[in-house]
Amino acid sequence: MSTFQAPKGTYDLIPPDSARYLAVREAIAAPLKNSGYGYIETPGFENVELFARGVGESTDIVTKEMYAFETKGGDKLALRPEGTASVLRAALEANLHKAGNLPVKLWYSGSYYRYERPQKGRYRHFSQVGAEAIGSEDPALDAELIILADQAYRALGLRNFRILLNSLGDKECRPVYRAALQDFLRGLDLDEETLRRADINPLRVLDDKRADVQKQLVGAPVLRDYLCDACKTYHEEVRALITAAGVAFEDDEKLVRGLDYYTRTTFEFVHDGLGSQSAVGGGGRYDGLSEMIGGPSLPSVGWALGVDRTVLALEAEGVELELPPATSVFAVPLGEEARRVLFGVVTELRKAGVAADFSYGGKGLKGAMKNANRSGARYAIVAGERDLAEGVVQLKDMESGEQEAVASDAIVEVLKAKLG
Ligand code: AMP
């Protein structure tokens with residue numbers, strides 16, 4: 001029988017690298033937890049209709065990339081391709097917006113699934129940490145989210161990322177622009193699929209990566225020229241607030257993003273060391289989404305940062321995260337009696353909050369010390385029959401190599417003191 005492999009476009013997180021993923025998730029979540037965002041967890045799958053309506057029938061995510069399936073009971077479900085629609089669905093279902101405390105601020109962390117052509121930085125299963133602020137139209141909220149994402153990346157030590165910012169207008173001015181853009185696009189020499197896209201979602205044609213299309217797009221109407229006064233004022237305020245916070249950004253009038261629900265503020269975090277999959281995170285305002293999925297009007301804003309690409313960005317910059325050692329003390333028993341005594345010591349150390357591990361399987365001194373070395377422990381404690389007869393264990397400093405005898409009943413306190 002052949003052995004199994006992870007499905008195409010997926011990979012496993014295994015030690016020691018998995019520790020970095022955990023640290024990245026925690027670093028992204030930390031500023032959110034510190035800013036009034038509560039943790040939310042939703043199912044890994046939803047009714048397919050939620051995404052069709054919420055993400056958009058014309059988006060690649062829904063038409064090409066969704067893992068949709070029918071259950072034995074006849075339910076039409078899909079693995080979640082993104083987080084926003086689910087989080088908003090859950091908030092509406094729990095009536096969080098009626099508790100009289102808007103905005104409802106939520107953060108999440110989890111797995112997402114898209115049937116994409118796999119390449120470096122683009123997987124079929126990936127991981128995001130996200131934040132949504134639901135039910136409030138306030139430029140300070142848009143600014144808050146951008147500032148918190150910037151803070152998360154900086155706390156991780158990332159430097160070579162850029163923030164691209166744009167406004168997509170609202171339900172007043174966007175349709176006017178959309179019509180003008182459609183007029184322009186109809187006059188171009190485009191293939192059939194692109195023309196169809198121009199009909200359904202013309203803004204996304206601006207995103208086309210092909211050079212021959214981009215050449216023709218020179219002179220296309222620019223959204224900025226069509227923004228209504230309310231949208232202009234709103235956008236200027238967002239820009240002023242993030243500027244005042246010392247967060248640098250670039251105005252990018254071509255930034256439209258691949259989802260249908262965005263209005264007004266749109267942003268993307270890109271990293272220049274990642275090649276073609278350069279977006280490490282993105283988000284924006286989605287004032288119409290709640291109504292699109294059957295809820296009341298709830299203007300909202302949010303982002304999702306990709307954990308996989310953030311780890312790749314850290315690698316590209318050569319940033320080494322300061323990870324706490326998995327093990328501080330490694331116990332090496334020589335003989336049956338020592339095994340019982342040191343196992344007790346390890347249990348006590350762990351209770352005291354000291355990361356401790358043990359040489360299992362009755363290994364000899366040489367093999368066990370190899371394990372101690374590999375564990376990265378700062379100290380090893382070794383005990384054989386003679387030590388026990390004298391009521392001591394040997395405490396070895398793994399950095400200096402020095403060794404001293406310490407009374408068995410004092411070893412926990414001694415190690416606690418040494419490890420601070
Ligand atoms: P999006 O909803 O497409 O804007 O995705 C938000 C973030 O999730 C992106 O900036 C990426 O960091 C990450 N992401 C999206 N799709 C993938 C994928 N297929 N593989 C890895 N990361 C992804």
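Student: Which strand gives the largest share of the lining of the largest cavity, and how many residues does that strand contribute?

Tutor: Strand β5 (residues 104-113) provides the largest share, four residues; strands here are DSSP runs of E with at least two residues, helices are runs of H or I with at least four, and both are numbered from the N terminus. The structure is a predicted model, in which local features need pLDDT of at least 70 and side-chain atom pairs count only at pLDDT 80 or more, while totals for chains, interfaces and linings use all residues. Residues are numbered from 1 along each chain as its sequence is written, and side-chain values use heavy atoms, with hydrogens and water left out.

The lining of the largest cavity consists of Ile40, Glu41, Thr42, Arg80, Val87, Tyr108, Ser109, Gly110 and Tyr112. On a 1 Å grid over the protein atoms alone, a cavity is a set of points where a 1.4 Å probe fits but cannot get out; a pocket is an open set with protein on both sides within 12 Å along at least five of seven lines, and lining residues have an atom within 4 Å of a point. The space in the largest cavity is about 50 Å³, a volume being what is filled by probe spheres set on the points, which are joined across faces, edges and corners. Throughout the whole structure, a search finds one cavity of 30 Å³ or more.

By class, four of the residues lining the largest cavity are nonpolar, three polar and two charged. Ala, Val, Leu, Ile, Met, Phe, Trp, Tyr, Cys and Pro count as nonpolar, Asp, Glu, Lys and Arg as charged, and the others, Gly among them, as polar.

Twelve residues of the lining of the second largest pocket are nonpolar, six polar and twelve charged.

As for the protein as a whole, there are 15 helices and 16 strands. Its C-alpha atoms fill a box of roughly 90 × 55 × 45 Å along the principal axes.
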